[in-house]
Amino acid sequence: MAAKRRYDEDPNQPGDKRMKRLPSFSTVIREAIMVKSVQNLFVAIEPLLRKVVQEEIEKGLLNSPRYVDRSPCMRIEAPAPSLYRLIFKNPPNTPIFTGSKIEDLEGKPLQILLVAGTTGSPSSFPAPIKIELLVLDGDFPSDGNDDWTNEEFNKYIIKERAGKRPLLTGDVSNITMRDGVATIGELQFTDNSSWIRSRNFRIAVRVVPGSYDGPRIREAMTDKFVVRDHRGELYRKHYPPKLNDEVWRLEKIGKEGAFHRKLGENNINNVQDFLRLLNVDPNQLRTIMGPGMSDKMWEITINHAKTCHPGDKIYSHGGENITVFLNSVYELVSVTISGMLYSLQELPRIHKNYVLQLVQEAYQQQDSLREVDAIPNASLALIQSETVIQGPAGTLPWYPTNQDFQIGGLGDDEASTSFQVEYTGSFHFEPYP
């Protein structure tokens, strides 16, 4: 009787009586780790492979006009050349707060102009153009390119948040541009810009889609800016500050803060008071601010204050034979000495200390100042301060002190004249007529 074949024997190898060996535990773990690594590698390079494949497909499409013509939806739109463009005449005045009227840097309504796309020279169309204002994300344009497609522009238009009023209200739509000019009347934001990623808005203007059939007119947009909540306007600084602004409108002086209280205790309540003491006695003003204001903060504050326009008013204060003329913040404009007019640069050194004393006296006796319509005629007063001596043509100017002068005649037969001159001012010579 034949022996039974073992169940684990290989029928192809009848002589092989060995058992199959199972893989070790470490081998199984190692192979699993390798498979996982390969899967992770595929996941990592998949986006790169997709991008490369997409670029190659696009290159193939661009190099195959026949295919592109048959598939217009696959075309890649290039920006059309802009023969004309819209611009803002002046940028908006910042900072901008919600609910506040938006004006330009000159305090006037925003104005939109139509210019040539290449030269920037003013342009106009015979027929009026309809334009509208929009709000753009401050990140536009993302690549800094100064030309863009309509699709790129539309992608960055910002709309109001759900449940909110329109983001930009006033003269926003149906604005008519005539002769290449359009003026924007009322315009204001209803929401701040803190809720978008860039935290900045831009105001843009474009031709109303569908209202114009002609060469492309590129859209205009402002620089990016932050729109703050109107509650912050109560504490905002003014640029430039005005004379009657409260002194805390200056940089580094907080409302009801320590510096504000110190200035109030010394009767410095507005920007004009601050500038007057700064021009008359800056050391005293620095002492009032105290050591809590660092030198850097002090420099920032006074530089901001000096941007304030002093106005056109002129005041006079007189002493013995000397009258000083000051503007509204007590800057010395000019001086008259015995009826002769001098600027600060021309002022004789022997009079400077007395003039500074008169300025300080004017500060202390503000009720004694007299407002004048204008400074005395400078040209007449300066001519009166000069003694004109005529001499031969070609004589150079000469500015001596007390000494003898001898001026020769035009010919050898003409006698020379000697005389004594007392120097009372500057001298110059004019050609003999």
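How many bridges pair strand β4 (residues 129-137) with β6, and in which sense, parallel or antiparallel? Three bridges join β4 and β6, and the sense is antiparallel. The legends below take you through this pair and several other close-up views.

This is a predicted model, in which local features need pLDDT of at least 70 and side-chain atom pairs count only at pLDDT 80 or more, while totals for chains, interfaces and linings use all residues. Residues are numbered from 1 along each chain as its sequence is written, and side-chain values use heavy atoms, with hydrogens and water left out.

**View 1. The whole protein, before we zoom in.**
The protein has nine helices and 21 strands. Helices (H or I, at least four residues) and strands (E, at least two) are DSSP runs, numbered from the N terminus. Of the 433 residues, 33% are buried; buried means under 20% relative accessible area, exposed means over 50%, and partly exposed is in between (1.4 Å probe, protein chains only). Take the contacts with a separation of 6 or more: residues 24 or more positions apart account for 61% of them. Here, contact means heavy atoms within 4.5 Å.

**View 2. An open sheet of four strands.**
The order of the strands in this sheet is β6-β4-β9-β11, and the pairing is antiparallel. At the edges you will find β6 (175-177) and β11 (220-221), each of which pairs on one side only. Two strands count as paired if DSSP finds at least two bridges between them. Strands of a sheet pair through backbone hydrogen bonds, either parallel or antiparallel.

**View 3. R206 and its polar partners.**
R206 lies in strand β9 (residues 201-207). With a relative accessible area of 16%, R206 is buried. The side chain of R206 makes a polar contact with the side chain of E132 at 2.8 Å, and another with the side chain of N154 at 2.9 Å. A polar contact is a pair of N or O atoms within 3.5 Å; within protein, one must be able to donate a hydrogen and the other to accept it, and residues adjacent in sequence count only if both atoms are side-chain atoms. Leaving out residues up to four places away in sequence, R206 also touches others, including L86, K130, F153 and E219.

**View 4. Strand β1 and its two partners.**
Strand β1 (residues 84-88) runs parallel to strand β10 (residues 217-218), and two bridges join them. Y84 has I217 as its bridge partner in β10. With strand β3 (residues 111-116), β1 pairs in the antiparallel sense over five bridges. Here L86 stands opposite L114, and F88 has I112 as its bridge partner.

**View 5**
Strand β15 (residues 332-337) runs antiparallel to β14, with five bridges between them, and T323 stands opposite T336. These two strands form a hairpin with four residues between them, and Y330 in the turn has a positive phi of about 65°. β15 also pairs in the antiparallel sense with strand β16 (residues 340-342), over three bridges. Find I337 and you will see M340 opposite it in β16. This second hairpin has two residues between its strands, and S338 in the turn has a positive phi of about 55°.

**View 6. N327 at the end of its strand.**
N327 is in strand β14 (residues 322-327). Is N327 buried or exposed? N327 is buried, with a relative accessible area of 7%. Its side chain makes a polar contact with the side chain of E331 at 2.8 Å. Setting aside neighbours within four places in sequence, N327 is in contact with P310, K313, I314, Y315 and V333.

**View 7. R370 beside Y315.**
R370 belongs to strand β17 (residues 370-372) and is partly exposed, at 48% relative accessibility. R370 and Y315 are 55 residues apart in sequence, yet their C-alpha atoms are 5.3 Å apart in space. Not counting residues up to four places away in sequence, R370 touches I314, Y315 and S316.
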